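Dear colleague,

I am passing on the structure below, followed by notes on what was found in it.

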Amino acid sequence: METPDKIEVDARGIRDDYLSGLDEYRAALKRECGAADRGLRADGHERGFDVALLEYLHQRTRRFG
């Protein structure tokens, strides 16, 4: 952005690489959470963070009293 240089990219290739990397990251995160005996929530961006956090805290309160 700060130089006049131009780079041509293959948008479809970048998308495929990105999605593949994201799948690998999610799998690794799930394995690590399982190994640490921790839960993992995968909420989408369409839900507000505040709603997801409140639900999590409510579930945690019921779980741990």
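In these notes a residue is called buried under 20% relative accessible area, exposed over 50% and partly exposed in between, with a 1.4 Å probe and protein chains only. By that scale Phe49 is exposed, at a relative accessible area of 65%.

Please keep in mind that this is a predicted model, in which local features need pLDDT of at least 70 and side-chain atom pairs count only at pLDDT 80 or more, while totals for chains, interfaces and linings use all residues. Residues are numbered from 1 along each chain as its sequence is written, and side-chain values use heavy atoms, with hydrogens and water left out.

Phe49 lies in helix 2, residues 49-64 (helices are DSSP runs of H or I with at least four residues, numbered from the N terminus). Together with Leu53, Tyr56 and Leu57, Phe49 makes a nonpolar surface patch of about 400 Å² (patch residues have over 30% relative accessible area and no salt bridge, and nonpolar side chains are joined within 5 Å).

The structure holds 1 salt bridge, that is, a side-chain nitrogen of Lys or Arg within 4 Å of a carboxyl oxygen of Asp or Glu. Glu55 and Arg47 form this pair, with their closest N and O atoms 2.8 Å apart; Glu55 is partly exposed at 32% relative accessibility, and Arg47 is partly exposed at 31%.

With kind regards

Conventions:
Patches are made of residues with over 30% relative accessible area and no salt bridge: like charges are joined within 9 Å, nonpolar side chains (Val, Leu, Ile, Met, Phe, Trp, Tyr) within 5 Å. Accessible areas come from the Shrake-Rupley method with a 1.4 Å probe; for residues, only the protein chains shown count as cover. Helices (H or I, at least four residues) and strands (E, at least two) are DSSP runs, numbered from the N terminus.
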